[in-house]
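Please read each point with the structure open beside it.

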Amino acid sequence: MKLYQKIFLSAILFFVITMPFREFFKVMAVTEMRPVSALPPALGLLFGYPGALGCAIGNLAADALSGYSPLLCGLGFIAQFIYGILPYLLWFGFKDRKLQPDHFLRLNSVKKLLRYIGIIVLDSAVMAVMFGILMRVTRLGKFWTTADVMVFLNNVVFCMILGIPIIVFAGTRSKGRSKPVISLNERLILIFILLGVISASLIGLFAYTELSRYIPDPLSMWNWIYLYMVMDLTVFYIITVLFLKYAEKNITVPVESIAGIAKNYIDEESGKADTGEIAAECEKLLDSKSEVSYLAEGFRQMVQDLDAYIANLTAMTAEKERIGAELQVAAQIQTDMLPVDFPQRKEFQLRAAMTPAREVGGDFYDFFFVDEDHLAVVIGDVSGKGVPAALFMVIAKLLIKNHAQSGESLGEVFSAANDQLCENNKKSMFVTGWMGVLTLSTGKLEFVNAGHNPPLIKRDGCFEYLKSKAGFVLAGMEGIAYKQNELWLAPGDSLYLYTDGVTEAADRQNQLYGEERLRQTLQKSESQEAEALLDTVKLDLDRFAGDAPQADDITMLYLIYKGRAGS
């Protein structure tokens, strides 16, 4: 609000409130019952010089309209201005050169309330003296009479019952806030002030009803009425101050302090809250063994625990991100170890794919030439998941390939790899594996099975499971002799290898995909291309599982034999 607006508002309020009471509650020629006496000190404290000046202008207008002499109007203007500005100077200091305060005064403590009452009593006494001087100068009365007492009591009463609520309500309007913010202490002060207003008003009304019958002189009657009201307010405010002092020390201020700490903590959550500062603030409230101290102790502990939790969570998140980055690297390394450059030969067509259940998995496939006429295909499944399974997979894959390329038979390859995998296998991990070597010139397929799922053979357009006795898993027991088997593929026949992640894929009802559905899916596939067939199976798996999470790695390899030079 601009300076001239404050002056105008103060003048209008003073004038509008003064005139009705001057008309209907006149006590003597130049004064009346004046509730408006609460405005100059209140608006002076709130607005400074503009408030006091506005009230003086309003009084001047009312006096002029009432027909008072120019001398009386001028002296009344000066008296009202001093009456309004004195509380401002007493509160903010005579050295303060500002025309108005930076913010509204807030009566939010017992100390400020007592200070306000003391200033009002002094200001009312000064106004009573100025009224006496005015009466003497204008020759309307003597310097010190019962009229001066009435002015003093009138000002004290209305500054108490009206001035305090005005300042409290105005003080709740902080800068930048559209809604009033009333502290718990201010609410208690307001409640007791309102109770005091009701009590004093009832006393005044009762006194007016009774005294108007027996005391014909209005001045004497109002002096007695004001005296009763002051006595009532004095007793009531003594009780109020004692209670508010106790409540302020043990209830309102501690609760507001905790609320302020909590608000600051919430506001600082976007940044970094100072836990040590919060703990120090809570320490100040732990002296008294009251419910508030227990609340402060609980809040302090909560903040410290939350801070520790956030620190741990931050560290865990950073560690998780680090592990995630390492797993991505490990997954890339694992993916790079699986061959993806499929041979382009007329004798066969080959495709393979693996989808890990985690970043890294335990399934693997491999294919390589033992020599120009022999193609080896391998598929395996390591027990467990994650990095340990992936590391064990790498070892198993390398051992099998190294032994196969050294010229050993398939039985010898698995037996040697099994013995080496059993060494230092403290976690008791194992591998199921199937390996076959296809003679490209003849179609002869030699194979060995270490506890792995039986592959499917396509002959004469029909897919069927290859019936053969499987050996024990790799890394399960040393000294196992694996038996080698053989069969013959004709041009157009094909071989489909897979891991149990395919047949044991589950939907939301925990129904398994199963071997029969896999066979039917392969059978229904009309494609003659290896890659398209693998895509068909994967699409059917995804359709079956729906939104159920993938529980195991899914690995597939498909080999189509076309015969010598594609004949």
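1. Asn-510 lies in the loop between helix 13 (500-503) and helix 14, where helices (H or I, at least four residues) and strands (E, at least two) are DSSP runs numbered from the N terminus. Although Asn-510 is not a glycine, it has a positive phi of about 65°. Its relative accessibility is 63%, and Asn-510 therefore counts as exposed, on a scale in which buried means under 20% relative accessible area, exposed over 50% and partly exposed in between, with a 1.4 Å probe and protein chains only.

2. This is a predicted model, in which local features need pLDDT of at least 70 and side-chain atom pairs count only at pLDDT 80 or more, while totals for chains, interfaces and linings use all residues. Residues are numbered from 1 along each chain as its sequence is written, and side-chain values use heavy atoms, with hydrogens and water left out.

3. As for the chain as a whole, the protein chain holds 15 helices and 12 strands, and 47% of its 567 residues count as buried. Of the contacts in the protein chain with a separation of 6 or more, 73% come from residues 24 or more positions apart, contact meaning heavy atoms within 4.5 Å. The protein chain exposes about 28,700 Å², of which carbon and sulfur atoms supply 61%; accessible areas come from the Shrake-Rupley method with a 1.4 Å probe, and for residues only the protein chains shown count as cover.

4. Ser-428, which lies in the loop between helix 12 (410-422) and strand 6 (431-439), has a positive phi of about 55° although it is not a glycine. With a relative accessible area of 54%, Ser-428 is exposed.

5. How do helix 14 and helix 15 cross, and at roughly what angle? The axes of helix 14 (residues 515-524) and helix 15 (residues 530-545) come within 10 Å and cross at roughly 135°, the axes being lines fitted to C-alpha atoms, for helices over the stretch in contact, with angles running from 0 to 180 degrees between N-to-C directions. That angle makes helix 14 oblique to helix 15, given that angles under 35 degrees count as roughly parallel, over 145 as roughly antiparallel, 65 to 115 as roughly perpendicular and the rest as oblique. The crossing of helix 14 and helix 15 is right-handed; a crossing is called right-handed if the near helix is turned clockwise from the far one by less than a right angle, and left-handed if anticlockwise.

6. On the helix 14 side of this contact are Arg-517, Leu-518, Thr-521 and Leu-522, which meet Leu-533, Thr-536, Val-537, Asp-540 and Phe-544 in helix 15. By class, the residues of this contact divide into five nonpolar, two polar and two charged, where Ala, Val, Leu, Ile, Met, Phe, Trp, Tyr, Cys and Pro count as nonpolar, Asp, Glu, Lys and Arg as charged, and the others, Gly among them, as polar.

7. The axes of helix 2 (residues 39-47) and helix 4 (residues 70-92) come within 8 Å and cross at roughly 45°, which makes helix 2 oblique to helix 4. This crossing of helix 2 and helix 4 is right-handed. Pro-40, Pro-41, Gly-44 and Leu-45 of helix 2 make the contact with Gln-80, Tyr-83, Gly-84, Pro-87, Tyr-88, Trp-91 and Phe-92 of helix 4, and the residues involved divide into eight nonpolar, three polar and no charged.

8. Helix 2 also packs against helix 3 (residues 49-65), their axes coming within 6 Å and crossing at roughly 150°, and helix 2 and helix 3 are therefore roughly antiparallel to each other. Here Leu-39, Pro-40, Leu-43, Gly-44 and Phe-47 in helix 2 meet Tyr-49, Pro-50, Gly-51, Ala-52 and Cys-55 in helix 3, a contact with eight nonpolar, two polar and no charged residues.

9. Ala-56, in helix 3, is buried, with a relative accessible area of 0%. Its C-alpha atom is separated by 8.0 Å from that of Pro-40, 16 residues apart along the chain. Leaving aside neighbours within four places in sequence, Ala-56 is in contact with Phe-77, Gln-80 and Phe-81.

10. Glu-486, in strand 10 (residues 485-488), is partly exposed, with a relative accessible area of 46%. Not counting residues up to four places away in sequence, Glu-486 touches Lys-444, Leu-445, Glu-446 and Phe-447; the C-alpha atoms of Glu-486 and Phe-447, 39 residues apart along the chain, are separated by 5.9 Å.
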